[in-house]
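Q: I have a structure open and a few things to ask about it. Can we go through them one at a time?
A: Go ahead.

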Amino acid sequence: MSEVVHNMVPRVRNGATSVSSPFNLFCSPSPVPFLLVSLLFFLLYLLSVPFALCPPFLVVSVAFGFVTLWEICESIYSSVRPPGQKKKKKSKNSMGGGFLAADHAPSHQFSAFWYAFPLRLWALFLPTVFALGLNEFAESLDNNDATRVVGVILSTGLLIGTFGFTVAHELLHSRHLKDQYAAWTMTTLVYYGHWNLEHRYHHHKFVSTPLDPATALRGQSFYSYLGQTVGGTFKTAWSRGGAGRGKRRVLSYLACSACVTCACVLRAGVAAGVAYHLVVSALAIMLLEVVQYVEHYGLKRSQTSEKANPSNADDYEAVGNMHSWNAKNSLTDLILFNLQHHAHHHADPKTEYHMLDANYKGSSPQLVLPYSSMALLSLVPPMFFSSMDRRLKALQSGAIEASLSWSDTPAVLTAAGLATLSISLLRY
């Protein structure tokens, strides 16, 4: 029923993307680019926090500054490039789909172990990042270096919120129990271990319905949504299962997080240690929730039952590709392990990240800009609503806008301005 205005998803031919674009230099069906980007951000953190060779805000400036500008430039290029380059090239070896789609079977070149390797590596990196940040935080307090204290907290919270929850999300859906345990470990690092229960057993079942606390309504600001999702996530996790099973698991997660707080107290003192852990946790949780806010904003599944107060997933239509916002960007896809290919993930949560299609079934709603840009835009509700509500209106008429238009200019300029502001932090 939907008309795709412009499909930005490149085809893969013989292991390489076929779209001619200077922004495709990062695209590859191998796990190596994902690993290299992960190592790059870990290195940036080491250089800026424990080694103090770079400004403490380096990670923040790169993630929300340079990456956002990259996203904007690539989105503009995709919208204005000559029509001849927009046409999708078909090949005998291509069966449809998009970047790293399952039809192209990149797993023939690499084993499942190597695709999981970057994810499992972050299970080791994250505790290291937290510990290094804690140590540098304590030393900066002793030196009365307020700028560095703020930089360390922001960089640590951002790295855990970006890579920590993204990787935990992938491992949570893994078939291997050891990966699921790693996901629980990573989320309990920041007082959000109960999110594992809510996401896996509630969000995927009730997404895009009023029963899902992680689905934002049309016209709902991120600030309003944040209270809804944080409280709703805890409530659904607490009440999950019979005989108090959900309560016991939530309490066990909180106990693990409390142990981390105790470690912070031992290194930085009571007040400073508790403050460090709580603020880093809050930043990481906000980053997770701003992504979830964008992923399903304003999308609804139609009610199929005649119940006045539906309470089951069966009371609504099945989850489809029209119930998640998607995006594609050559760099952000590597940072977020294709999390932006969200419709495909909800259609089949067991599909590994490298197999996800950016435009699932060729008709998935597309965001105005990729995730980093949209995260910044969500902080300015009028700019966020101006573009996203227009795309929601187009969806209601059966059209999918997948490229920028002149009406998106205020939103694009706002994102660019906030990105430039992030880069300016390098002066401190």
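Q: Let's start with Phe42. Does that count as buried or exposed, and why?
A: This is a predicted model, so every value here is computed from it. Phe42 has 12% relative accessibility. Buried means under 20%, so Phe42 counts as buried.

Q: And Trp122, buried or exposed?
A: Trp122 counts as buried, because its relative accessibility is 0%.

Q: What do Phe42 and Trp122 form?
A: Phe42 and Trp122 form an aromatic pair. The pair is edge-to-face, with 6.5 Å centre to centre and 85 degrees between the planes.

Q: Which helices are they in?
A: Phe42 lies in helix H1, residues 32-48, and Trp122 lies in helix H4, residues 112-142. The two parts are 80 residues apart in sequence, so the pair ties them together.

Q: How many aromatic pairs are there in the whole structure?
A: A search of the whole structure gives 25 aromatic pairs. One of them is formed by Phe384 and Phe385, edge-to-face, at 6.1 Å centre to centre and 70 degrees between the planes. Phe384 and Phe385 are both buried.

Q: Which aromatic cluster are Phe384 and Phe385 in?
A: Their cluster also holds Phe222, Tyr223, Tyr225, Tyr293 and Tyr297.

Q: New topic. How many cavities of 30 Å³ or more are there?
A: The structure holds four. The largest cavity has about 310 Å³ of space.

Q: What lines the largest cavity?
A: Its lining has 26 residues, and Thr162, Thr166, Leu287, Val291 and Leu336 lie nearest the centre. Helices that give two or more residues to this lining include H2 (58-80), H5 (146-172) and H10 (270-295).

Q: Which one gives the largest share?
A: H10 does, with six residues.

Q: And how does the lining split by class?
A: The lining of the largest cavity has 15 nonpolar residues, 10 polar and one charged.

Q: Back to the whole protein. How many helices and strands?
A: The protein has 15 helices and four strands.

Q: How much of the protein is buried?
A: Of the 428 residues in the protein, 57% are buried.

Q: What about the accessible surface?
A: The accessible surface comes to about 17,700 Å², and 64% of that belongs to carbon and sulfur atoms.

Q: Last one. What share of the contacts with a separation of 6 or more is between residues 24 or more positions apart?
A: For the protein, that share is 74%.

Key: Residues numbered from 1 in each chain as written. Predicted model: local features only at pLDDT ≥ 70, side-chain atom pairs only at ≥ 80, totals over all residues. Heavy atoms only, no water. 1 Å grid on protein atoms, 1.4 Å probe; cavity = no way out; pocket = protein on both sides within 12 Å on 5 of 7 lines; lining within 4 Å. Points joined across faces, edges and corners; volume = space filled by probe spheres on them. Nonpolar A, V, L, I, M, F, W, Y, C, P; charged D, E, K, R; others polar. Buried < 20%, exposed > 50% of the residue type's maximum accessible area, 1.4 Å probe, protein only. Contact = heavy atoms within 4.5 Å. Areas by Shrake-Rupley, 256 points an atom, 1.4 Å probe, with all protein chains shown as cover. Phe/Tyr/Trp six-rings, centres within 6.5 Å; stacked < 30°, edge-to-face > 60°.
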